Amino acid sequence: MVRNRFWQGIVATVAVLSLMWDDAHSAPAIEKVGQVACFEGFKDIVWGVAYSPDGRFALAGGGGDHVNGEWLAGSDYALRLFDLRAGKEVKRFESHKKGVSNVVFADKGKIAFFSCGDGAAHMIDLDKGKEIKTFEGGEESCHFLSVSAKGDLLLTGGWDRTVRLWNVESGKELKRFSGHTGRVWGVALSPDGKLAASCGDETIVRVWDVKEGKELRQLSGHIQFAVAVAFSADGKSLLSGAWDNTARLWDVDNGKELQKFEGHKGRVEGVAISADGKRILTGSLDKTVRLWDAQTGKQLACFEGHKEAVSKVAFSADGDYAISGGWDKTVRQWKLPD
């Protein structure tokens, strides 16, 4: 009797272990937690985040708040520089008087550009902590920006429905791309500076020939407003995020949709492509940051931690980490799966 009970116990244990093994191997390999740092101290929503080229520093800025469905002006417009190794804020820029909506590094991380609610793009020397130049386009003309890989061209877009190209050295406006029927929410320059992309209060994404100043094509597929765009490092593909809860990858040459990334339960506000072009990063009003396989469209990871909507996301140059800014007034750093 004792032997029978013993062997029955062994068989039951093996059966349970077998079920556990099957469950472990049938479950999707999606990492749920990857946060390695959370930077607090912001009093307002964080709208813009960027990694330095060497991955050591991060820039973040914002402004304004959203309470009970109402937009408030806010009071914290500072642009903050964080040392990610030390895990702390090391510099703060506060000379501007309006909220920061977009930030980018340039010149190997020595220079930064940020767009502001004052209708201008600002260029600052990070070492000296001083503003070098201001690109003024008028009220509501500069809410979003992008810089060419060489750092010689600046692209801005705003709620005045225009997209403008600037010469960084002279500070002069070179071209103005007209055609948007609503506010411009996102702009991007291809790394070589030959193409520009923009999107906003329309379901389409527009691609422009920078030299000619003409629209080349419209990318159609989103069913709600497209609000974020990013070029791949080789300039051959373009990523867009939209209020239809999706991100889409496009072939720049022929305008065809290459892949659609579905899974978010809220608007996709922030998008990024890894330097090798193999992975996609998205941030959404559903409070999550998600990592995707660019070729298959498969979700690789879902990062949860933000208590409110995610506004912007960025990859580190080596693709090992990501940062995100959110409506919960934080910047969070994530370790990505291999």
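Biologist: What is the order of the strands in the open sheet of 4 strands?
Modeller: The order is β16-β17-β18-β19, and the pairing is antiparallel. The edge strands, each of which pairs on one side only, are β16 (184–189) and β19 (214–219). On average, neighbouring strands of this sheet are turned by 25 degrees against each other, direction ignored. For such angles, axes are lines fitted to C-alpha atoms, and the angles run from 0 to 180 degrees between N-to-C directions.

Biologist: What counts as a strand here, and when do two strands pair?
Modeller: A strand is a DSSP run of E with at least two residues, numbered from the N terminus. Two strands pair if DSSP finds at least two bridges between them. As for the model itself, it is predicted: local features need pLDDT of at least 70, and side-chain atom pairs count only at pLDDT 80 or more, whereas totals for chains, interfaces and linings use all residues. Residues are numbered from 1 along each chain as its sequence is written, and side-chain values use heavy atoms, with hydrogens and water left out.

Biologist: How many bridges join β17 and β18?
Modeller: Strand β17 (residues 195–200) and strand β18 (residues 205–209) pair over 4 bridges in the antiparallel sense. Ser-198 has Arg-206 in β18 as its bridge partner.

Biologist: And how do β14 and β15 pair, parallel or antiparallel?
Modeller: Strand β14 (residues 163–167) pairs with strand β15 (residues 173–177) in the antiparallel sense, over 4 bridges. Val-163 stands opposite Phe-177 in β15. The hairpin of these strands has 5 residues between them, and Gly-171 in this hairpin takes a positive phi near 80 degrees.

Biologist: Which residues other than glycine have a positive phi?
Modeller: Lys-108 is one of them, with phi near 60 degrees. Asn-245 is another, at about 75 degrees. In general, most residues other than glycine have a negative phi.

Biologist: Where are these two, and are they buried or exposed?
Modeller: Lys-108 is found in the loop between β8 (100–106) and β9 (111–116). Its relative accessible area is 77%, so Lys-108 is exposed. Asn-245 lies in the loop between β21 (237–242) and β22 (246–251), and counts as partly exposed because its relative accessibility is 25%. Buried means under 20% relative accessible area, exposed over 50%, and partly exposed in between, with a 1.4 Å probe and protein chains only.

Biologist: Changing topic: how many disulfides are there?
Modeller: The count comes to 0 disulfides, a disulfide being a pair of cysteine sulfur atoms within 2.5 Å. Cys-116 is in no disulfide, and the nearest cysteine sulfur, that of Cys-142, is 8.4 Å away. Cys-116 is buried, at 0% relative accessibility.

Biologist: How far apart are Lys-312 and Lys-287?
Modeller: The two are 25 residues apart in sequence and 11 Å apart in space, C-alpha to C-alpha.
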